[in-house]
Amino acid sequence: MSAVNSSYGLGIDLDTIASWGKFPKFCIDVYRWGDRTFNGYDTTYVEGTGYKFKLIEKNESWIDFYHFQFDDDNTMNMVSDPSTSMGLHLSYLALSGGYDINVSKLFGGTPRARKRFNFGFTCALLAANFYFVSNDVGTTIRWYDKENNRLFGPYDFSGINCSSWGVETYYFFNHKKYSQAAVFAFSKIQKRSSGSFFAGISYRQDDYCFDFSGEPEYIKDLLPTSWTGYDYQYRRLNRNYALKLGYGHNFVFPHNWVLGVMESPVVGIRRGSIGDEKLSKTALSFNNRIQVGAAYNKKHWFVGLDGYCDMGLIKERDHLFVNMILSFSASVGFRFNLW
């Protein structure tokens with residue numbers, strides 16, 4: 001019979017604390033129950049690293065991509081310049097802090113970094129995540145006028161102000177044999193290949209604003225006629241209530257390598273507004289994330305590579321809008337204990 005691994009994060013022996021009295025014993029019993037329930041694994045498949053601290057140097061680069069397709073088959077694509085950051089992070093168990101610098105600015109790129117914040121918590125049983133991302137520094141834009149077979153661009157477009165934030169939590173069904181944290185957080189070791197379906201809930205708020213009022217007339221003529229009522233601005237504020245479904249799998253290879261693959265569609269309903277006009281009906285909401293990562297572990301040391309594509313889709317009567325974030329990161333870290 002396989003054992004279940006549990007790791008403790010206190011610096012003092014738990015039995016010693018339990019011997020101090022009835023209430024300390026009760027607290028330790030509750031702690032042990034929670035640790036077994038929320039962070040217990042089948043040690044044939046997953047084991048702890050044996051270290052409480054991690055020092056990680058992380059390099060990350062990402063771009064925003066926006067795509068419009070109109071009823072007359074005209075298309076418009078926007079691609080931002082890459083934003084690249086370097087940072088040093090220190091973690092103790094589930095707590096982490098660090099500082100990142102905008103490398104793009106130092107090497108002559110965009111003077112302002114597009115803002116992004118992510119806070120996540122993962123245990124064996126479930127995961128939770130809060131995120132925020134914004135872009136108001138401009139993009140490169142390309143138009144294709146199908147009727148006249150004309151291509152405009154690429155040229156700079158600064159009339160953009162987009163942001164999204166959300167919170168989600170989801171449950172792993174095969175949580176004894178699969179660890180998402182083994183590849184994407186470096187806090188566990190996946191010993192045998194295994195995967196798990198997961199499901200949860202998600203709330204996301206999107207605020208998209210594209211202002212074409214300063215563009216030439218021949219560009220404005222390519223926009224849907226309905227946008228003229230909003231002074232050639234495309235403005236959407238959506239609130240998305242959705243179910244998050246997905247599957248993740250870790251493939252264990254010789255020489256301490258693990259490859260992790262995840263896909264998680266998020267399907268639900270959205271309510272919001274176009275310009276100042278409130279939507280009169282509920283519409284379908286769809287987002288999807290594909291994430292691929294690899295981790296190498298060698299005693300104290302580990303190396304990680306991580307890439308993902310986060311995509312959202314909005315379909316209206318006169319246009320299709322797709323927004324996407326593409327990201328890639330590389331990390332090098334060192335695990336250690338102070339007690």
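**Close-up views of a predicted model**

**View 1. Asparagine 256 in a loop between two strands.** At 40% relative accessibility, asparagine 256 counts as partly exposed, and in this predicted model asparagine 256 sits in the loop that runs between strand S15 (233-253) and strand S16 (257-274). Leaving aside residues up to four places away in sequence, asparagine 256 touches Ala295, Tyr296, Asn297 and Lys298. For one of these, tyrosine 296, the C-alpha to C-alpha distance from asparagine 256 is 5.6 Å, although 40 residues separate the two in sequence.

**View 2. Serine 179 and the residues it touches.** Serine 179 belongs to the loop between strand S12 (162-172) and helix H4 (181-184), and because its relative accessibility is 1%, serine 179 counts as buried. When residues up to four places away in sequence are not counted, the contacts of serine 179 are Tyr41, Val46, Lys188, Gln190 and Asn250.

**View 3. The salt bridge between aspartate 207 and arginine 235.** Aspartate 207 and arginine 235 form a salt bridge in which the closest N and O atoms are 2.9 Å apart. This pair links distant parts of the chain, with aspartate 207 in strand S14 (residues 194-211) and arginine 235 in strand S15, 28 residues apart. Both ends count as partly exposed, aspartate 207 at 21% relative accessibility and arginine 235 at 34%.

View 4. The side chains of lysine 220 and glutamate 217 meet in a salt bridge, at 3.5 Å from N to O. Because lysine 220 and glutamate 217 are three residues apart in helix H5 (residues 217-220), about one helical turn separates them. Lysine 220 has a relative accessible area of 12% and is therefore buried.

View 5. Arginine 270 forms a salt bridge with glutamate 316, the closest N and O atoms being 2.8 Å apart. Since arginine 270 lies in strand S16 and glutamate 316 in the loop between strand S19 (301-315) and strand S20 (319-336), the pair ties together parts that are 46 residues apart in sequence. Arginine 270, with a relative accessible area of 3%, is buried, and glutamate 316, with 19%, is buried as well. Salt bridges that share partners join Arg236, Arg270 and Glu316 into one network. Arginine 236 is found in strand S15 and is buried, with a relative accessible area of 0%; its side chain also makes a polar contact of 3.4 Å with the side chain of asparagine 238. The C-alpha atoms of arginine 236 and isoleucine 274 are separated by 4.9 Å, while the two residues are 38 residues apart along the chain.

Definitions and conventions. Residues numbered from 1 in each chain as written. Predicted model: local features only at pLDDT ≥ 70, side-chain atom pairs only at ≥ 80, totals over all residues. Heavy atoms only, no water. Helix = DSSP H or I, 4+ residues; strand = E, 2+ residues; numbered from the N terminus. Buried < 20%, exposed > 50% of the residue type's maximum accessible area, 1.4 Å probe, protein only. Contact = heavy atoms within 4.5 Å. Polar contact = N/O pair within 3.5 Å; in protein donor to acceptor, adjacent residues only side chain to side chain. Salt bridge = Lys/Arg side-chain N within 4 Å of Asp/Glu carboxyl O.
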